[in-house]
Amino acid sequence: MSAGRTHVGKREMTTDETRFAEGPRTLLAPGLEISRIVTGLWQVADQERGGAELDPAAAAGAMSNYADAGLTTFDMADHYGSAEVIAGTLAARRDDVQLLTKWVPEPGPASEEAVDEAVTRALVRLGTDRIDLLQFHAWNYADPSWLDCLFMLAEHQVAGRIRHLGLTNCDAVHLDMAVRSGVPIVSNQVCFSLLDRRAAGAMTRVCRTHGVRLLAYGTLAGGFLSERWLGRDEPPIDESLTWSQMKYRRFIDRAGGWDRFQGLLRVVDGVARRLSGAPPACASIANVACRYVLEQPAVGGIIVGARLGETSHIEDNLKVLRFALDDEARSELEAACAKLDPIGGDCGDEYRRPPYLTASGDLSHHVTSFPAPYPVRRSGTAEYLSTGTPWEELAGYSRAVRKGNHIHVAGTTASHGDRLIGGRDPAAQTHFIIDKIEGALQSLGATLQDVVRTRVFIRDDVDWEPVARAHGARFAEIRPANTLVRANTIGDDLLVEIEVDAEVA
């Protein structure tokens, strides 16, 4: 099957050669060039789960081997054991490495002091005065404190303590919302593999709209996408597996089970064997799985985990950069993926709603509780909730009132404090409004599933369809009664207003 061609100088270059010619590095954001294969340090936490920390000097030495081979970019987080300390030890020895880290706070509001403490802690552990990329994880979009954290992190960026801001495990709707609200997001780190292709849909469209790059993890599904597991019996999900393997065994189950996964492995193995006969390729199942994700639109880099001091796959990782998939390979892989059950929901949903596709199968390794997004005042037999907007105090009303099993949520707009969320995009505003309503319901012991009636008001000059589609995306399985009305809503920038009634069973 012939590949498409593009002219370069006096010779023609095939599409496949063009992909290969992208090189081993990419500009993730202004002033931040990274290796397209990023070495992930999540396994440090697994290596330390017995309680003993890795020796920082020895582990940094193992990292240095990756950097010597040109794999100079490393990804970690505040909760990956001593990964930041190890990376800081490496950075003290050499100045050619890029250190990407994350802040994953406990659910609930964070003060300016807490944000400052988190940034300072990362700076100290990394031994630097500016973090190359700080990626933020939000647990509950119905609690607007996730946006408050981003706004405060953006202030630290302006102060020069952070070079760039990213997100991790953010879905498409809320990535779009954050960018339209003025947060300078440059990347989003999400799960993306032959097994899990959620990022190929709405996420990719949003990234390409805003110029955001994806950092893809889970490309090898904890190592299951390799020859080691081809033809093997299904392993149980227990302590005989690494945390990464326990996590991705759950993904395999959701994708249709072990037998169908073996079918995928056989196809990938066939592609790898054929490509290995076409120099300069010498491909393995893992190479093909990585290359598939690396070639996806919006992907800036893939994250391949390392167990520092135990195993090294440096040379095998470098092979990913030495070949490209041809049209035949892509068609075979797409056909094989189509035989799997798609992983449901959007990127990051595995950390926010059942089924929790985590190592433990729940959130016990991550959080202890979820505080109510908004304060509730009780008086007699009723409960009253405020979201703190100036309108509530000015006009003397509550955002929501619960009496018995009935909850009434007042007309709600995309205002948050003195900020407009979602910019002047009606869909983004609608999603934030529904988040805000969901937060009110959660605080009063209810959920969106309890909503029986919605009323939507839009300004005369606003297109109704994006608003209706956003409403449809959030209430598709709930189907409350609904009315949409054109009205002169208060505030030129407040394009949408929604009120709801809910009944708790």
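These legends describe close-up views of a predicted model.

**View 1. An eight-stranded closed barrel.** The strands run in the order β5-β6-β7-β8-β9-β10-β11-β12 and close into a barrel, with parallel pairing. On average, neighbouring strands of this sheet are turned by 30 degrees against each other, direction ignored. Strands of a sheet pair through backbone hydrogen bonds.

**View 2. Pairing of β5 with β6.** Strand β5 covers residues 37-40, and strand β6 covers residues 73-75. The two pair in the parallel sense over two bridges. G40 stands opposite D75 in β6.

**View 3. Q135 in strand β8.** Q135 lies in β8, which spans residues 131-136. Its relative accessible area is 0%, under the 20% cut-off, so Q135 counts as buried. Beyond its neighbours within four places in sequence, Q135 is in contact with D75, L100, T101, K102, W103, G166, L167, T168, Q189 and L215. D75, one of these contacts, is also the residue opposite G40.

**View 4. S187 in strand β10.** S187 sits in β10, residues 185-191. S187 is buried, at a relative accessible area of 0%. Residues up to four places away in sequence aside, S187 touches L28, L133, L165, G166, L167, V212, R213 and L215. G166, L167 and L215 are among the contacts of S187, and they are also among those of Q135.

**View 5. A nonpolar surface patch.** W391, L394, Y397 and I490 make this patch of about 440 Å². L394 belongs to helix α14, residues 390-395. With a relative accessible area of 67%, over the 50% cut-off, L394 counts as exposed.

Notes: Residues are numbered from 1 along each chain as its sequence is written. This is a predicted model: local features need pLDDT of at least 70, side-chain atom pairs count only at pLDDT 80 or more; totals for chains, interfaces and linings use all residues. Side-chain values use heavy atoms; hydrogens and water are left out. Patches are made of residues with over 30% relative accessible area and no salt bridge: like charges are joined within 9 Å, nonpolar side chains (Val, Leu, Ile, Met, Phe, Trp, Tyr) within 5 Å. Accessible areas come from the Shrake-Rupley method with a 1.4 Å probe; for residues, only the protein chains shown count as cover. A salt bridge is a side-chain nitrogen of Lys or Arg within 4 Å of a carboxyl oxygen of Asp or Glu. Helices (H or I, at least four residues) and strands (E, at least two) are DSSP runs, numbered from the N terminus. Buried means under 20% relative accessible area, exposed over 50%, partly exposed in between (1.4 Å probe, protein chains only). Contact means heavy atoms within 4.5 Å. Two strands pair if DSSP finds at least two bridges between them. Axes are lines fitted to C-alpha atoms, for helices over the stretch in contact, and angles run from 0 to 180 degrees between N-to-C directions.
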